[in-house]
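Please keep the structure in view while reading.

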Amino acid sequence: MPVIVRTQDATPRAAAAGVRITALLDTATIGNDRVHLERIALDPGAAHAIALAEGELAWLQLLSGTVACDGAAAALTPDGVTYLPLGHAEDVTAGDAGAELLLARVPDATRFDPDIADMPATVRTVDWTREPVLQSEHDARKRVYMATPALAGTHAFKGEMITYPPGTAAPEHHHVGAEHFQCVIAGEGTVLLDGIAHTLRAGDVLYNYEHEPHAFINESGADFVFVEFFVPGPCETIWSPGANVCAWLPTGVDSGGRKPSRDIGYHVHGEDAGL
């Protein structure tokens, strides 16, 4: 069965002075060690040491504030996704307004990508606001890729941000070859899990195993936005009978209406070539 984690119901632990960590996904929550997800809150000026185990990789997404990251060329902001290489150690320090961030870790990443050693050995940050905005072929939903082989340098995970304007919905489907989670960034939406409706709000996390049918609907009056990450990245998407296959069209612009940093052509979800 899918797992829904309500951040407001989880108890954070004090990791250091001014640092509180809320475990959202871990072995106890999902029953495996495929991915661990933490929400880290930092008071102004507070520092946190991230130490990855041997063979473990991770990525960071800042939700609010700014963070100085020793391995990055510039301060991290909510516009970026930062990839940490295998076994990396990194100190992060919050700016004057404090910060909140998501830290996702994949232990033993070689099992998901036998070529993981080819992943860049330095900290890399991608500005997702410069990535192409893709438009759903059948409705007003939009997608921006946040982690692909071209961006992160690995097939161990893949990620995207999806926006559901009011009144939009995704057809029911399931995935084969990967498990994945969604973390709601903004708004409120309904997820149908094997036909049963559940409400998701900002801060909630949904974890789906293989072969579990799911669909999303935005019945609210504001955008419903979530990031989702697959581990491993490659997987097959199976659409329920009668559902429109979810395909994505290039819009020619990024999130700021500018020419994007690269081009991504028309493709069906699950087709990773060229991403």
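Arg-6 and Asp-204 form a salt bridge through their side chains, with 2.5 Å from N to O. A salt bridge here is a side-chain nitrogen of Lys or Arg within 4 Å of a carboxyl oxygen of Asp or Glu. This pair links distant parts of the chain, 198 residues apart: Arg-6 is in the loop between β1 (3-5) and β2 (13-16), and Asp-204 is in the loop between β16 (196-201) and β17 (205-208). Helices (H or I, at least four residues) and strands (E, at least two) are DSSP runs, numbered from the N terminus.

The model is predicted: local features need pLDDT of at least 70, side-chain atom pairs count only at pLDDT 80 or more, and totals for chains, interfaces and linings use all residues. Residues are numbered from 1 along each chain as its sequence is written, and side-chain values use heavy atoms, with hydrogens and water left out.

The structure holds 13 salt bridges; three of them are listed here.

| Salt bridge | N to O distance |
|---|---|
| Arg-6 and Asp-204 | 2.5 Å |
| Asp-139 and Arg-141 | 2.9 Å |
| Arg-201 and Glu-188 | 3.1 Å |

Arg-201 lies in strand β16 and Glu-188 in strand β15 (residues 188-193), so their pair ties together parts that are 13 residues apart in sequence.

How accessible are the partners? Buried means under 20% relative accessible area, exposed over 50%, and partly exposed in between (1.4 Å probe, protein chains only). Arg-6 is partly exposed at 26%, whereas Asp-204 is buried at 2%. Asp-139 is partly exposed at 22%, and Arg-141 is buried at 3%. Arg-201, at 44%, is partly exposed, and Glu-188, at 35%, is partly exposed.

The whole structure has eleven aromatic pairs. Rings of Phe, Tyr and Trp (its six-membered ring) pair if their centres lie within 6.5 Å; planes under 30 degrees apart count as stacked, over 60 as edge-to-face and the rest as tilted. Tyr-83 and Phe-157 form a tilted pair, 6.2 Å centre to centre with 50° between the planes. Tyr-83 is buried at 1%, and Phe-157 is buried at 0%.
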